[in-house]
Amino acid sequence: MEVAGAELKMLHLRLAGLGAQLDGEWATKLSEQRHLDRDTTESAYWHAGYYQALADVLNLMAPPRVISDISDKSNLLRAAG
């Protein structure tokens with residue numbers, strides 16, 4: 001499936017922002033590679049972030065869902081039910 005232009009732009013902006021942080025102030029912290037050590041806080045955060053990234057991509061690739069109740073128009077992505 002094709003990702004719409006707005007969603008793709010959002011992903012590119014997110015990637016650019018994270019890339020700047022990773023190349024900047026986070027670079028020295030990452031050089032220690034504590035995220036590779038099992039049972040560490042850093043490893044848990046890394047896996048949580050990776051999990052969320054995969055969930056976000058799958059959500060973007062999923063076909064649009066029809067939302068029957070849009071009475072709360074402040075959030076058009078509100079889950080139905």
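How many salt bridges does a search of the whole structure find? The search finds three, a salt bridge being a side-chain nitrogen of Lys or Arg within 4 Å of a carboxyl oxygen of Asp or Glu. The model is a predicted one, in which local features need pLDDT of at least 70 and side-chain atom pairs count only at pLDDT 80 or more, while totals for chains, interfaces and linings use all residues. Residues are numbered from 1 along each chain as its sequence is written, and side-chain values use heavy atoms, with hydrogens and water left out.

**First stop: Asp 56 and Arg 14**

Select Asp 56 together with Arg 14, whose salt bridge brings the closest N and O atoms to 3.3 Å from each other. Asp 56 lies in helix α3 and Arg 14 in helix α1, so this pair ties together parts that are 42 residues apart in sequence; helices here are DSSP runs (H or I, at least four residues), numbered from the N terminus. Asp 56 is partly exposed at a relative accessible area of 26%, and Arg 14 is likewise partly exposed, at 42%, where buried means under 20% relative accessible area, exposed over 50%, and partly exposed in between (1.4 Å probe, protein chains only).

While helix α1 is in view, pick out Leu 11, which is found there and is partly exposed, with a relative accessible area of 26%. A distance drawn from the C-alpha atom of Leu 11 to that of Val 57, 46 residues apart along the chain, comes to 9.2 Å.

**Second stop: the network at Arg 34**

Next select Glu 32, Arg 34 and Glu 42, which are linked in a network of salt bridges. Between the side chains of Glu 32 and Arg 34 the N to O distance is 2.5 Å, and between those of Arg 34 and Glu 42 it is 3.3 Å. Glu 32 is partly exposed at 48%, Arg 34 is partly exposed at 42%, and Glu 42 is partly exposed at 31%.

Leaving aside neighbours within four places in sequence, Ser 43 is in contact (heavy atoms within 4.5 Å) with Arg 34, His 35 and Asp 37.

Move to Gln 33, which lies in the loop between α2 and α3 and has a positive phi of about 55 degrees although it is not a glycine. Asp 39 is found in the loop between α2 and α3, and it too is a non-glycine residue with a positive phi, of about 60 degrees. Gln 33 counts as partly exposed at 41% relative accessibility, whereas Asp 39, at 83%, counts as exposed.

**Last stop: the largest pocket**

Finally, select Leu 18, Leu 22, Trp 26, Trp 46 and Gly 49, which among the 20 lining residues of the largest pocket lie nearest its centre. On a 1 Å grid over the protein atoms alone, a pocket is an open set of points where a 1.4 Å probe fits, with protein on both sides within 12 Å along at least five of seven lines, and lining residues have an atom within 4 Å of a point. The volume is about 880 Å³, taken as the space filled by probe spheres set on the points. Colouring by helix shows that α1 (5-23), α2 (27-31) and α3 (41-61) each supply at least two lining residues, the largest share, eight residues, coming from α3. By class, the lining has 11 nonpolar, three polar and six charged residues, with Ala, Val, Leu, Ile, Met, Phe, Trp, Tyr, Cys and Pro counted as nonpolar, Asp, Glu, Lys and Arg as charged, and the others, Gly among them, as polar.
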